[in-house]
Amino acid sequence: MNTHSILYLSRADVVKVDLSMAEVLRLVEEAFMHKAAARVEMPAKIGIHTMPDALIHAMPAYIPGMNAAGMKWVSSYPTNLARGLPNIQGLLVLNDTETGFPLAVMDATWITAYRTGAATALSAVYLARAESSVAGIIACGAQGRTNLEALATRFALKKVYAYDVSPVALEGYVNEMSAKLGIEVIAVDRPRQAVEGCDLVVTSGPIQRKA
C-alpha cells in the first residue's frame, strides 16, 4: 500500500528558507504574466465573516506554467492588534497537480506579507517614474516593511517618510528599516507629511468601520 506524507512548515520554517525579496519579485512577476495571458485558473475568492470588519477567505489557484496548485486560507482581524496579535494570519495548502494529494501545509503569514510587498513594487515599476527616489509609507506594520523592502529592490530610493498611529511602532520601523536598507527613513507626525513631495506612496493599515 502506498503511503503519503505531508510536509508541514511552521512560520519559523518558512522564514528560515530565507527567500530573498528579489526572488519573490521574480516569482510573483512570473505568476502575474501567466495571469495576464489567461493561463491561470483562479476563481473568485469566497469568505466568511465572523464579526464586523473580520474575514476568513479561501483563495485557490492553479498555474500550469509553474506546475503550482493550492489554496490560501487567510484571515484578517483588525481587532487583533489590540490583543498584540497579527492582523493577517493564514495557512497555505500546496497540492500535487497530477494526483491532487496535498504536498505541504505551511504558515502563510510571511508569504502573504512578502507577496503583497512584491505586488506593490511591481505595480510601481509599471506605473511610476523609473527615477522615483522618495517614498512615503503610511502604517508601519509587517506589510509596511515588506512594501518598502520590495520598492527598494526595484528603485534607487534615497529618502522615506513614514507615519503610524503608534509612536512605538513608528520608532521601531524607522530604526529597523534604516539599518536594514541603508536608506534615510524619517518619522513624521501626520499622514499628509508622508505623502507630500513623494514619488511613491503606500498605505497598508487596516480599515475599521465606525459603529
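Two strands pair if DSSP finds at least two bridges between them. I kept that in mind while looking through this model, which is predicted.

**Entry 1, the sheet.** I looked up strand 1 and strand 6 (residues 102-107) and found them paired in the parallel sense over three bridges. Within this pair, Leu-7 stands opposite Ala-104 of strand 6. I then followed the whole sheet, which is open, has six strands in the order 1-6-5-4-3-2, and shows mixed pairing. Strand 1 (7-9) and strand 2 (46-48) stand at the edges with a single partner strand each, so one side of each has no neighbour in the sheet. On average, neighbouring strands here are turned by 15 degrees against each other, direction ignored.

I looked up helix 3 (residues 109-127) and found it lying across strand 4 (68-76), strand 5 (88-95) and strand 6. Helix 3 runs at about 95 degrees to strand 5.

Helix 4 (residues 142-154) packs with helix 5 at an angle of about 25 degrees, and their axes are 11 Å apart. I noted helix 4 as roughly parallel to helix 5, because angles under 35 degrees count as such. The crossing is right-handed. Among the residues in contact are Leu-148 and Ala-152 of helix 4, and Tyr-173 and Met-177 of helix 5. By class, the contact has five nonpolar, two polar and four charged residues.

Where is Gly-182 found? I located Gly-182 in the loop between helix 5 (167-181) and strand 9 (184-187). Gly-182 is exposed, because its relative accessible area is 67% and the cut-off is over 50%. Lys-159 is 23 residues from Gly-182 in sequence, and their C-alpha atoms are 9.9 Å apart in space.

How values were computed
Residues are numbered from 1 along each chain as its sequence is written. This is a predicted model: local features need pLDDT of at least 70, side-chain atom pairs count only at pLDDT 80 or more; totals for chains, interfaces and linings use all residues. Side-chain values use heavy atoms; hydrogens and water are left out. Helices (H or I, at least four residues) and strands (E, at least two) are DSSP runs, numbered from the N terminus. Buried means under 20% relative accessible area, exposed over 50%, partly exposed in between (1.4 Å probe, protein chains only). Axes are lines fitted to C-alpha atoms, for helices over the stretch in contact, and angles run from 0 to 180 degrees between N-to-C directions. Contact means heavy atoms within 4.5 Å. Angles under 35 degrees count as roughly parallel, over 145 as roughly antiparallel, 65 to 115 as roughly perpendicular and the rest as oblique. A crossing is left-handed if the near helix is turned anticlockwise from the far one by less than a right angle, and right-handed if clockwise. Ala, Val, Leu, Ile, Met, Phe, Trp, Tyr, Cys and Pro count as nonpolar, Asp, Glu, Lys and Arg as charged, and the others, Gly among them, as polar.
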